[in-house]
Amino acid sequence: MTMSSDNETFSNAQLNAITANENTSASDKPQLHQLNLEAISPRYRVINISLVFGIAFVLIMVASALRYQSFFALPEPLVAAFPYIVVGISVLGCLWTTYHFFADPLIKYALREQDLSLQSGLVFRSLSCQPILRVQHVELKRGPIARLAGLASLQVFSAGGATHTFEIPGIEVEVAERLRQFILDHKDVSAK
Amino acid sequence: MASPEVETAKPSESSAQGKAVKVDTGEGWRRLSPIAIAYFTLRSIKNMAQGAIYAVPAIAVTANITDNIQSPNTLLGIAAIFIIFFSSGVVSFFMYRFRVNNQHVEIHSGVFSRSYTNLPFWRIQNVKIELPFYYRPFGFALVILDTAGSAGEEAKIVAVPLAYAHALRKQVLAEHQDSRPLDARHSEEEHQETGHQQTERHASSYVNDSNAVANIAVNSDQSKRYLETNEDGETILNRRSITDIVIHGITNNRVWILLGAAAPFYDNAFGYLSEWLAEKGLQLNQLVGEQTIAWWQFGLYAFVMLMMAMALVAVISIGGALFTFYDYTLSRHNDRYIRRSGLLNKQEVSMRASRIQVISAKQDWLDRILKRVNLYFEQNASIGHSTNELMSPNRLIVPSVTEDEADELSQEVMPQSKIRRSDYQSISKRYILHWVIAGLSIPFVVGAGFGIYIEHLDITAGVTFVSAILLSVIVLRWWRWGVVSDGKYIYVRRGRIGVDYLCFEPYKVQQVVVKQSVFMKRRKLATVQFVLASGAISVPFLPEGFANELANNVLFEVESKRKSWM
């Protein structure tokens, strides 16, 4: 596929982040910190937070059910610990929620002619950049909840190994599919 | 010595190689040499041993309880097990057939699950010849055919005469050379084009090997240095003498090579050892149990024992090093580096020059005193997870070379590289502060405070001592860590007490990550991480501008050079 058709794939305004970084000379190399970053779907944060609430709720329910059932007697220390367990779960759930509330909007990605970038992190911010030339294969991952919300994660695999899989979480399915198509149609990947 | 099967092979149409041995076996299927029975038997015993290793304690306990190790029944049982394995070996031998015909290697193997492998010569990436010790007196060899770099896809021709193995390797590898000038032409075209906008046509016909070819081209003027060649036409780059290997055994812990193999005999060995000590009038129980001797005597005993243990460990380690590295040679054949070594089992690891991702030169503290370096050529780490690190196809080790030899060898692989240099950009002192605050402070305060609280100041002193040691390790790590780029390569220096020097070509990078915490951002510092196929290399707490420039340069290098990392 030619470059022009690649660009047509991204005529959509959502993906205006494409900036050419191919035909630059050595004197003005493309700069990572000048990336035109695009936020992921706001629904990702909603999903994460409701997931935290769901998990905390289920855990508290299980604990309460065990505490107040009448089939068998619990050991005394467990009964005494029950309020602490509930408080502990609630506190952890709140911390987790707070983290997602602030961290998720900071997840941003950018697509350039030659590479994909992802910025994320609340305290420790990382900006990773994956040249498309080095991509070995691409996967769309969709869990049941993400499917309900119409979201997907784009996983990009390179030879760097499983721990360094490049993943853009929580983007709209259409966007993810178009990104995948862009990578697959990229001459460096399709030429292999 | 040649096996009758291969000798009676029909004359082949392709006798391109000048050797008397015919590689092509014709239409007919061949059996292996009968020595393969030994190989198959040992292999199934080994497989069972690996599977049953968890059952060993249970079996040992049972044997102890019944206490009938010497009884005829046990011997009978062992004999029966051996006969079963031997007959499985015989069956495997009869079920195994192979032929080399029309540029294909075909293998039928397996007893219950039959498998058929058909390997065209051009798909074979590498041919290894191994000599298990029981093959060596009879002149047989095990040929391992590697395909496309994946460990699951290797085929073994289990027992063929050594001469045949060499002839086969020569012919298979000749297949690769035939295509080489073509690759070179492609890559030359590519290089002229890279300055301009590349056209689709070229990009799609881009051939991977430009790097290897470039390496060879530059190497050709260096190769005068290496005059020695072996019978296969390979240039010998390095040999290790027994002295070198002994040094390697001392400076590196190679204890596990032998201890691992001897694991089943530990119990007996300890038994004999304590008996022997008892004969010499030294009774451990007495020493520890009763307060009959002064503390300094006890200390002296302990010291002597420690010394003896260390000497023993060193001897075992030297033995292990000799076992793996005896008669070590590193040679080059076209674009391929080959390492051969081994005392009983001659083994071979080979690597294409273009596949090498990183050169790492590692020096432990003892290595630094003796001015020796362990040099590793590392390739794709995701290929074949070998349990044996030294034999792993991912790393090619050159054990305990001198510093000059290390420079020479790394320049052979990465021309004009200079690993030992003084212009490393060191990392910020805030690295120390970060680890002191994030790692050290809380355990120290808690530990020391606890000691004071319960009024056991020895605990406080101990915690302080350990913290001081950890602090000095952090300081050393900060002091060592540095990075520098000379335009062609990126060098990283790191380590604690020892030093590692790493060198890689920026265009082989898979992914670049720049990390910054909120505090680092305030101080304009950043951590940069390069993910290579051989693993990630990161340099923390660099000046922000420097880290960004490095990351941008590497990305530009990857994306503009467009060379393959393989």
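Keep in mind that the model is predicted.

Let's start with chain B. Here 3 strands make an open sheet. Their order is β1-β2-β3, and they pair in the antiparallel sense. Which strands stand at the edges? Those are β1, residues 97-101, and β3, residues 115-120, of chain B. Each has a single partner strand, so one side of each has no neighbour in the sheet. From one strand to the next, the twist averages 10 degrees.

Now look inside that sheet. Strand β2 of chain B covers residues 104-109. β2(B) pairs antiparallel with β1(B), over 5 bridges. What is its bridge partner in β2(B)? The partner is Glu106(B).

Strands of a sheet pair through backbone hydrogen bonds, and the pairing can be parallel or antiparallel.

On to chain A. This open sheet has 3 strands, in the order β5-β6-β7. The pairing is antiparallel. At the edges are β5, residues 135-141, and β7, residues 166-172, of chain A. Each of these pairs on one side only. How are neighbouring strands turned against each other? By 20 degrees on average, with direction ignored.

Next, the pairing of β6 with β7 in chain A. Strand β6 of chain A spans residues 151-158. β6(A) and β7(A) run antiparallel, and 5 bridges join them.

Conventions:
Residues numbered from 1 in each chain as written. Chains lettered and ligands numbered in written order. Predicted model: local features only at pLDDT ≥ 70, side-chain atom pairs only at ≥ 80, totals over all residues. Pairing = 2+ DSSP bridges. Helix = DSSP H or I, 4+ residues; strand = E, 2+ residues; numbered from the N terminus. Axes fitted to C-alpha atoms, helices over the stretch in contact; angles between N-to-C directions.
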